[in-house]
Amino acid sequence: MSKHSSPKPSVQRTRAGAAALTISLTLAGVLAGTVPAAQAATSPGSASQCRGHGVDATARIRYESDIVIKAPLSTVFKLQTDVERWPAWQAPVLTMKRLTPGPLRKGSQFRWTTPAPATPTTPATTLEITSTVRQLKHNSCILWSGPAIGAGLRIDEGVHLWTFTRVKGGVRVHTAET
C-alpha cells in the first residue's frame, strides 16, 4: 500500500451491511480534515476493545474502518459521544432521543433512526435502533449494542465499538461493528 492510499474496509454485506456501512462512514465523511489514511491503517479483524469488551469476532456481518482526524482528542470524543446532536452533523441520523438522563455512561440508552437502503433480500426501510452503552472510557473508547428494527429487517443485537487514539497529526478513530 502506498503512503497515501486508503486501506479497504473489511465488509461482508448481507441484510444490514449497507446500513452499517452508511452509519460507520458518517464520522469519517463529516470530519473531513484528515491526514493520510495509511497512517491509521490496521489489519481487518484487529482485536480492538473497550475495557476488555469488543465486537463479536464470529459475527457474519462485520465492518471496520479507520481515519485520522486533525482535531484534539477531547473534541473528537465529545462530538461522537454527544449523541443528542448527531442529527445536526450526521445526515443519515434522522432522529435521536436520549432515554437515560445525565452524562453518557455505561448503561445509558438512546434511540435513533436511520435509513437502510434496499438490498437483494430486504426492502428500503428506516431502522429504529435502541442502543445501550456497554462500556465507556473517557477520551478512549465507547461500546454500545442493541436491536435495530425496520420493515423487513431486524438485527437482534448489533454491537458497535469506537476507539480514539492520539497519533501524529491528530486522533485515530477506529470503528468496528458486528
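Tutor: Gladly! Rings of Phe, Tyr and Trp, the last by its six-membered ring, count as a pair if their centres lie within 6.5 Å. This is a predicted model, and it holds five aromatic pairs.

Student: Why is the pair of Phe77 and Phe164 called edge-to-face?

Tutor: The ring centres are 5.3 Å apart and the planes stand at 85 degrees. Planes over 60 degrees apart count as edge-to-face, so this pair is edge-to-face. The pair also links distant parts of the chain, with Phe77 in helix 2 (residues 73-81) and Phe164 in strand 6 (residues 153-167), 87 residues apart.

Student: How do you know whether Phe77 is buried or exposed?

Tutor: Buried means under 20% relative accessible area. Phe77 has 3%, so Phe77 is buried. Phe164, at 4%, counts as buried too.

Student: What makes the pair of Trp86 and Trp144 tilted?

Tutor: Their planes are 45 degrees apart, with 5.5 Å from centre to centre. Under 30 degrees would be stacked and over 60 edge-to-face, so the rest are tilted.

Student: Why can we say that this pair ties together parts that are apart in sequence?

Tutor: Trp86 lies in helix 3 (residues 86-89) and Trp144 in strand 5 (residues 141-150), so the parts joined are 58 residues apart. With relative accessibility of 2%, Trp86 is buried, and Trp144 is buried at 4%.

Student: Which residues do ring pairs link into a cluster?

Tutor: Trp86, Phe110, Trp112 and Trp144.

How values were computed
Residues are numbered from 1 along each chain as its sequence is written. This is a predicted model: local features need pLDDT of at least 70, side-chain atom pairs count only at pLDDT 80 or more; totals for chains, interfaces and linings use all residues. Side-chain values use heavy atoms; hydrogens and water are left out. Helices (H or I, at least four residues) and strands (E, at least two) are DSSP runs, numbered from the N terminus. Buried means under 20% relative accessible area, exposed over 50%, partly exposed in between (1.4 Å probe, protein chains only).
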